[in-house]
Each structure stands twice: as structure tokens, then as C-alpha cells.
Amino acid sequence: MSIITRRATLAASAALALTLTVPALAQQTQLVRIGASPGPHAEILEKLKPLVAKQGIDLKIIEFSDYVVPNQALDAGELEANSFQNQPYLDNQVKDRGYKIVSVGLTVNFPLGIYSAKYKSWGEVPDGATIAIQNDPTNGGRSLLLLQDKGIIKLKDGVGFKPGPADIVSNPKKLKVIEIEAAQTPRSLADVAAAAINTNYAVDAKIEPTSAILREDPKGPYVNLIAVRAADKDKPWVKTLVDAYHSPEIKAFVAERFKGAVLAGW
């Protein structure tokens, strides 16, 4: 065989090998459908897409406008993961619905705040003042736990994540706690000394989240998380996804984009 013929044969063999390799590489791409609520969660995942694409993950983001469907879809196999909820919410869903869904990594926190239109610091709030909290057990309980964490009230032992005003056992400032619909808490600021307001409602009302006179610890129990089916938790793509989320690039994006309204919780 001549050198020319030999080179032609080698070239043909190389071309064939390349042709066979391309589909093989394509087959290694892992499709991950991840459910998220609109807004910060979805925005962060969009920033995550190119990072995980470099590691063979095709991240498809599916937005849900409510908090019930993402876990239903994940449990049914219509998603591989979701990113929208915190641990107390997931625990409640697992308990009530029997989902085999677990947390595999922390994401971000939307710290609940106590805000005031009358006082610039909690120290200025007088004894006997009226404080508004949300009238649903999850958010209202969260607000009472915040007050307890700051040493302002004490709750009964063992109340979990859903205490109510009746569970207050010590109230040195003799605060009057009233319950109103969560979405109405910003409007209540004109009528009360202070109000507990979820970050999304604060932002909608043009209230700067960093202006809260009391604020949750960003690493508390209400940090959001990435959830997957229990059967998938040890799969390689899960670690790749979580590690990329916890990267310096994502942390910097959160800090720059949300200016303290959303905090990295890992």
C-alpha cells in the first residue's frame, strides 16, 4: 500500500470515528426539567443554564404560578427537580401527600421583615404597640418565630413552624398582635406601629427590603431549596446541578441583581 493510499485510508477511518463519536457525545447530555416560580427563582436558573450546559446538562426551566403543582409534577415524573420552596413547606407537603421528594441543596432566602412607617428602629417601638402579622399559619407563624428569635416574645415549647398569637407565653412589651391577609400587610403600615411583610409583597409595594427594622437570619429554616425525587438524589447530575448553583458566579449574580432583597442561603 502506498503512503498516499495509506493516508487516505487513515483519513477515512478518522472521519468515520468522528462521525460515530458525535452521536455518542450527544447521547451523554442529560435533560433536566426543573420547575420554578416566576421571578428570582426562574431568573437564577436562567443564569445557571450555561454553567451546567458545559457539564452536559440541558436545563429546561418550567415556570409555575402556584406552590402546589411543582411538587405534583415532580412526584409524577414530569420534572426532574424543582426550585421554589423551603424546608418547612416541603416537609408539610411530604406529610400531607406522601411525596417521596427530598432536598438536595439550599438556594436563596427571601428574608421576612418587620417594617414600620413610624419608627426607624425596633428600639423606638413603644410598649403596647400594635403589630400586624399575616393571618395564614405558615407566614403568621414565621413572623412570630422571627419575634421570638429576636428576643421580643416567647412562644410555647414545641409549637413547630406554625404558632399563632395564642401560643405567646411571654410578651414583656405587651405588644398587641393582629392578623391580616398577607397581601394587605404593606397597606397596614399606616395604621399599626409595625407589620410583618413578606419580601415579594414589600417589593410590590415599593418598600426597600433592607429597610426592615427586624429581619430574618438568611440561613434560617426558611432558606429555599432544590428538590428531587428520593430515587434520584444520588445521581451524578444532581451533584453537578447543586455545585453549579453554589458557584461564585451565581452568588455574585444574586448579590448584584437583587441588592439584598434575595440572599444566598448556602
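Throughout this tour, a residue is called buried when its relative accessible area is under 20%, exposed when it is over 50%, and partly exposed in between (1.4 Å probe, protein chains only). The model is predicted, so local features need pLDDT of at least 70 and side-chain atom pairs count only at pLDDT 80 or more, while totals for chains, interfaces and linings use all residues. Residues are numbered from 1 along each chain as its sequence is written, and side-chain values use heavy atoms, with hydrogens and water left out.

**First stop: the open sheet**

Helices (H or I, at least four residues) and strands (E, at least two) are DSSP runs, numbered from the N terminus. Two strands are said to pair if DSSP finds at least two bridges between them. Select the 5 strands that form an open sheet of mixed pairing, in the order β2-β1-β3-β13-β4. At its edges are β2 (57–63) and β4 (101–106), each of which pairs on one side only. Neighbouring strands in this sheet are turned by 35° against each other on average, direction ignored. Here axes are lines fitted to C-alpha atoms, for helices over the stretch in contact, and angles run from 0 to 180 degrees between N-to-C directions.

Next, select strand β13 (residues 224–229). It is antiparallel to β4, to which 5 bridges join it. Between these two strands, Gly-105 has Ile-226 as its bridge partner, and Ser-103 has Ala-227. Strand β3 is also antiparallel to β13, with 4 bridges joining them; there, Asn-82 has Ala-227 as its bridge partner. How many residues of β13 are buried? The count is 6 of the 6, so the strand is largely enclosed by the rest of the structure.

**Second stop: helices across the sheet**

Contact means heavy atoms within 4.5 Å. Select helix α4 (residues 87–97), which lies across β3 (81–86), β4 and β13 and runs at about 110° to β3. Then select helix α7 (residues 236–245), which lies across β1 (30–36), β2, β4 and β13 and runs at about 170° to β13.

**Third stop: the nonpolar cores**

A nonpolar core is a set of buried Ala, Val, Leu, Ile, Met, Phe, Trp, Tyr and Cys residues joined through side-chain atoms within 4.5 Å. The largest one has 27 residues, of which Ile-44, Leu-48, Leu-59, Leu-241, Tyr-245 and Ile-250 touch the most other members. Two or more residues are given to this core by each of β1, α2 (40–53), β2, β13, α7 and α8 (248–258). Helix α7 supplies the largest share, 6 residues.

Centre the view on Tyr-245. Leaving aside its neighbours within four places in sequence, Tyr-245 is in contact with Ile-44, Leu-45, Leu-48, Thr-107, Val-108, Ile-226, Ile-250 and Trp-266. Apart from this core lies another, of 22 residues, including Trp-122, Leu-155, Leu-175 and Ala-193.

**Fourth stop: salt bridges**

A salt bridge is a side-chain nitrogen of Lys or Arg within 4 Å of a carboxyl oxygen of Asp or Glu. The structure holds 10 salt bridges.

Select Glu-216 and Arg-142, whose side chains meet in a salt bridge (2.7 Å, N to O). Glu-216 lies in the loop between β12 and β13 and Arg-142 in helix α5 (residues 137–149), so the pair ties together parts that are 74 residues apart in sequence. Glu-216 is buried, at 10% relative accessibility, and Arg-142 is buried as well, at 9%.

Move to Lys-239 and Asp-243, which form a salt bridge at 2.6 Å, N to O. Both lie in helix α7, 4 residues apart, about one turn of the helix. Lys-239 is exposed at 56% relative accessibility, whereas Asp-243 is partly exposed at 41%.

In the salt bridge between Asp-234 and Lys-233, the closest N and O atoms are 3.2 Å apart. Asp-234 is exposed, at 67% relative accessibility, and Lys-233 is partly exposed, at 40%. Finally, select Arg-229, Asp-232 and Lys-235, which are linked in a network of salt bridges.

**Last stop: two loop lysines**

Most residues other than glycine have a negative phi. Select Lys-174, in the loop between β9 (168–170) and β10 (176–180); its phi is positive, about 55°, although it is not a glycine. Lys-174 is exposed, with a relative accessible area of 62%. Then select Lys-206, in the loop between α6 (199–204) and β12 (214–215). Its phi is also positive, near 65°, and Lys-206 is exposed at 77% relative accessibility.
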